[in-house]
There are 2 protein chains.
Amino acid sequence: MNIEEKLICEAKVKVLKALAHPTRLWIAEQLADGERCVCEFVDAVGVDFSTVSKHLSVLKEAGIVEDEKRGKQVYYRLKVPCVLKFMHCVEAVIEDQIKDRARLKEHLF
Amino acid sequence: MNIEEKLICEAKVKVLKALAHPTRLWIAEQLADGERCVCEFVDAVGVDFSTVSKHLSVLKEAGIVEDEKRGKQVYYRLKVPCVLKFMHCVEAVIEDQIKDRARLKEHLF
DNA sequence: TTCATATTTGGCAATATAGCCAAATATTAT
DNA sequence: ATAATATTTGGCTATATTGCCAAATATGAA
């Protein structure tokens with residue numbers, strides 16, 4: 001792994017890390033249906049307003065969402081919708097695991 | 001976000017977290033070219049043997065790779081190759097950011 | 001059996017992340 | 001101007017992650 005490869009990996013990792021949190025992933029998935037303001041997530045997620053705000057800024061820093069202030073509210077929307085299409089593969093990994101576990105169960109019992 | 005949604009998000013997050021580390025991502029990408037044993041990564045990555053082993057076990061726990069012991073060596077291979085195909089989207093996010101930065105630069109100078 | 005090699009595991013210190021509270025900021029309504 | 005609402009920021013503690021070292025385990029070689 002040379003320096004250039006390392007830098008590229010770190011850039012990709014920033015995006016992956018941003019999505020690698022249950023609340024942030026859920027927020028990103030909700031945004032697939034259209035933009036939402038911060039307060040809408042506060043009620044839905046059940047954590048502090050400041051926590052939601054910070055989660056959104058992580059997604060923004062990673063380039064996954066963009067924000068727009070309109071009046072008192074700040075609206076967030078997906079900037080790169082493919083981030084959710086690519087989740088299909090993550091789901092495939094999970095389904096694979098479920099199958100493996102089922103196979104193991106059959107072998108044991 | 002109800003309990004079921006939360007559980008599903010946590011399962012997906014496990015996969016994302018496993019890839020969200022420069023060394024682990026690089027390892028996963030190398031495995032696209034075929035299986036490798038642990039020691040091959042130790043030399044290439046330049047961290048402790050035990051560290052590489054732990055990284056590989058994180059990838060294994062997440063269901064991304066599988067291992068097979070042959071002789072003294074343990075060989076790892078990609079179990080779900082799409083995890084790398086889905087990285088194309090992550091790359092798209094990064095390219096988007098680069099374009100944004102270029103645009104900003106043009107506006108300022 | 002004894003030795004060398006390949007790998008995993010346990011434990012520890014350093015660092016990063018999450019989430020709460022309080023304070024700062026911005027915008028609209030009164 | 002004052003108040004109320006929406007959001008961000010700073011600071012703090014709790015928890016999680018990383019990576020090293022040393023020890024344990026497994027396998028093939030001598």
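In what order do the three strands of the open sheet in chain A run? Hi everyone, let's start there. The order is β1-β3-β2, with antiparallel pairing; strands here are DSSP E runs of at least two residues, helices are H or I runs of at least four, both numbered from the N terminus, and two strands pair if DSSP finds at least two bridges between them. Because β1 (36-37) and β2 (65-70) of chain A are at the edges with a single partner strand each, one side of each has no neighbour in the sheet. Between β2(A) and β3(A) there are six antiparallel bridges, and D67(A) has Y76(A) in β3(A) as its bridge partner. Packed on the sheet is α4(A), which touches β2 and β3 of chain A (contact means heavy atoms within 4.5 Å).

A quick word on the source: this is a predicted model, with local features needing pLDDT of at least 70, side-chain atom pairs counting only at pLDDT 80 or more, and totals for chains, interfaces and linings using all residues. Residues are numbered from 1 along each chain as written, chains are lettered from A and ligands numbered from 1 in written order, and side-chain values use heavy atoms, without hydrogens or water.

Now, DNA strand D. It is surrounded by 23 residues, and among the closest are C39(A), Y76(A) and H55(B); near means a heavy atom within 4 Å.

Key:
Axes fitted to C-alpha atoms, helices over the stretch in contact; angles between N-to-C directions.
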